[in-house]
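I set out to record what can be read from the coordinates of this model, entry by entry. The structure is shown first.

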Amino acid sequence: MSWHIRTIHRVDNGSLGGLLWNGTRLLFSAVEASVIYAFDPTEDQVVVWRAYTNRSNAIAEDGRGAVFAGQEGARRVVRLLPDGSAVQTETRLEGQLHNFPRHIAVDRAGSAWFSDCYHPQPASGPQIFPLLTHQSVLRLSSNDSKRWTLARMTVDTSAPRGLAFSPTKDRLYLAEVDMAQSVSRLYAYTLADDKPVQKIHLADINGVAEGICVDDDNRAYVCVGGKAEGECGTIQVFACDGVSLSVHELPVRTPFACALGDADMKSLYITSAEGVLLRARASA
Amino acid sequence: MNEPLISLEIDMNAPGLSRILKQGATLERMATGMKFGEGPVWNSREDAFYWVDIVGNTIWKKRGSERAQVVVRPSGKANGLTFDRQGRLLAAGWAGRNIWRLEPDGSRTVLCSEYKGRRINSPNDLVVKSDGAIYFTDPSGALNNVDMGGDDVQRYLDFHGVYRVVEGHEPELLADDFVYPNGLAFSVDESLLYINDTRQNLIRVGKVQPDGRIGKATLFARLQGTEPGRADGLKVDTAGNVYCTGPGGVHVFSPDGSQLGRIKVPGHPTNIAFGDRDWRALYIVTQTCVFRTRLALAGLPVALSGSV
């Protein structure tokens with residue numbers, strides 16, 4: 001089945017990053033511009049949803065009325081509250097400041113799981129906080145939305161990227177990249193008591209994978225960058241057992257994140273490092 | 001503990017610097033171990049030197065050879081410090097997003113936290129005019145920097161302002177055209193207000209109007225150098241020379257804006273203060289240390305009633 005792809009929005013001052021469908025609108029981050037935009041498909045209009053977001057990239061609803069935002073500018077995950085404020089969560093793992101949050105997924109308890117990666121661009125302020133010695137998936141949890149704790153969820157990752165839960169939230173999909181070889185692997189962690197218990201290698205991906213989203217049929221949509229200059233990026237779709245279902249070329253080289261949306265949840269929105277927001281729908 | 005003295009290294013651009021620095025001057029390391037030092041000020045009533053460790057969330061003071069003492073912890077990651085005429089400590093509440101005063105009973109009084117109903121950014125430094133008005137800079141650094149934010153890190157204002165506040169009154173916005181206003185100090189006769197801009201690495205100066213506002217601030221001097229440090233702390237001596245921390249140390253300018261030279265400092269300098277009983281010591285704070293050197297000229301005192 002082919003896709004019809006439309007450009008929804010374009011920024012010329014940096015990349016587009018995390019995105020989320022909130023039921024009526026698509027929120028998406030302009031990372032370097034430090035803005036989160038909202039696209040209303042019924043009005044076909046993009047407006048500023050939140051300014052001064054401090055290089056926020058990944059965004060995800062926390063299930064308590066707020067939006068988690070991974071601020072690369074300050075190496076932290078904040079909660080953007082409906083009153084317009086931005087409150088910090090826990091930034092330290094066993095006393096050490098974590099790295100740069102890259103992708104976020106929220107589990108059934110409202111905890112934020114995020115890939116905690118190195119980043120070529122330093123955070124703001126004095127460079128006096130060393131990075132962790134590992135790049136892992138971390139989990140932010142809270143019982144009351146005030147006091148947060150940070151825990152390491154993976155000890156077997158070296159360069160985690162996109163992550164997403166299955167519809168029943170008992171499985172975590174995770175992409176890992178090997179930048180030197182420009183290849184990636186798609187894994188699934190089975191979860192028990194909201195902790196990973198088993199890691200399953202689902203697929204090898206020829207290219208650098210980034211964001212992942214999962215549909216109601218447990219199919220994983222993975223953003224994969226084009227390997228060479230001029231080579232298109234793709235969305236690669238996998239069944240839950242790792243079988244490759246389809247590959248869709250995009251009019252950008254570096255897709256970053258994707259999310260399903262619109263009233264029927266059958267549009268796939270895709271952001272890219274080139275600053276383009278795309279919407280893909282299966283052709284009739 | 002007596003640390004060995006460090007020979008003072010200077011870049012002299014003009015002979016005027018020799019009237020400021022004594023022959024054979026040294027740098028004395030007064031304190032170490034901060035995570036991010038800032039906010040130096042001398043208290044002439046106590047003969048004590050105050051400073052902050054922003055990331056360490058502490059206001060410190062030290063008298064003579066005594067050990068440093070904690071004044072306030074947690075400090076709300078206070079940044080710039082000064083004293084009002086009554087000798088009460090005033091702080092630029094970097095993470096707290098306010099200007100506050102430490103009362104004699106240890107409580108804190110917030111003097112300013114909003115501008116036109118919106119929370120201000122993150123006050124960086126402040127100075128008190130002789131009429132008691134507080135002038136402060138309000139960039140948004142604490143909202144963006146790693147491990148420096150407070151309870152709410154959302155920025156609400158579209159500018160980085162310079163303000164004047166008088167207790168019991170709404171703050172007045174004096175300037176909204178700085179990229180990143182930081183250190184500020186009055187000239188000897190308070191007819192001028194110097195304000196530096198960290199991002200642009202320069203100093204601007206505005207004329208102080210009779211009503212306390214300032215006219216359009218124009219370029220006074222640019223800081224040069226590639227070493228660690230940007231335009232940050234700023235003070236003025238009794239001859240009107242302007243001292244500004246910047247790349248590699250403390251940059252000294254004559255009142256006409258020409259550079260006299262630079263006092264080199266190890267590390268990343270952040271702020272400065274004049275001190276000692278004769279105000280002829282220059283205290284230099286870096287990210288991790290406090291240094292002191294003695295000068296031939298006195299700095300402008302932080303005036304406390306009855307003590308200067």
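**Basis.** I note that this is a predicted model, in which local features need pLDDT of at least 70, side-chain atom pairs count only at pLDDT 80 or more, and totals for chains, interfaces and linings use all residues. Residues are numbered from 1 along each chain as its sequence is written, and chains are lettered from A and ligands numbered from 1 in the order in which they are written.

**Chain A overall.** I looked up the secondary structure and found zero helices and 26 strands in chain A; helices (H or I, at least four residues) and strands (E, at least two) are DSSP runs, numbered from the N terminus. I then compared the radius of gyration, taken over C-alpha atoms, with the globule rule of 2.2 Å times the number of residues to the power 0.38. For 284 residues a compact globule would have a value near 19 Å, and the 17 Å of chain A agrees with this. The C-alpha trace of chain A spans about 50 × 40 × 35 Å along its principal axes. Of the 284 residues of chain A, 48% count as buried (20 or more other C-beta atoms within 10 Å of a residue's own, with C-beta atoms placed from the backbone).

**Contact of the two chains.** I counted two residues as in contact if their C-beta atoms, placed from the backbone, lie within 7 Å. On that basis, 19 residues from chain A and 16 residues from chain B take part. On the side of chain A, strand 9 (residues 86-88) gives the most, with three residues.

**Sheet in chain B.** I traced an open sheet of four strands in chain B, with the order 4-5-6-7 and antiparallel pairing; two strands pair if DSSP finds at least two bridges between them. Strand 4 (37-43) and strand 7 (69-72) of chain B each have a single partner strand, so one side of each is left without a neighbour in the sheet. Strand 6 (residues 58-62) of chain B pairs with strand 7 of chain B in the antiparallel sense over three bridges. I checked one of the partners: B:Ile59 bridges to B:Val72 in strand 7 of chain B.

**Hairpin in chain B.** I found strand 16 (residues 160-165) and strand 17 (residues 172-178) of chain B paired in the antiparallel sense over four bridges. The bridge partner of B:Tyr163 is B:Leu173, in strand 17 of chain B. These two strands of chain B form a hairpin with six residues between them, and B:Gly168 in the turn has a positive phi of about 90°.

Notes
A residue is buried if 20 or more other C-beta atoms lie within 10 Å of its own, exposed if 12 or fewer, and partly exposed in between; C-beta atoms are placed from the backbone.
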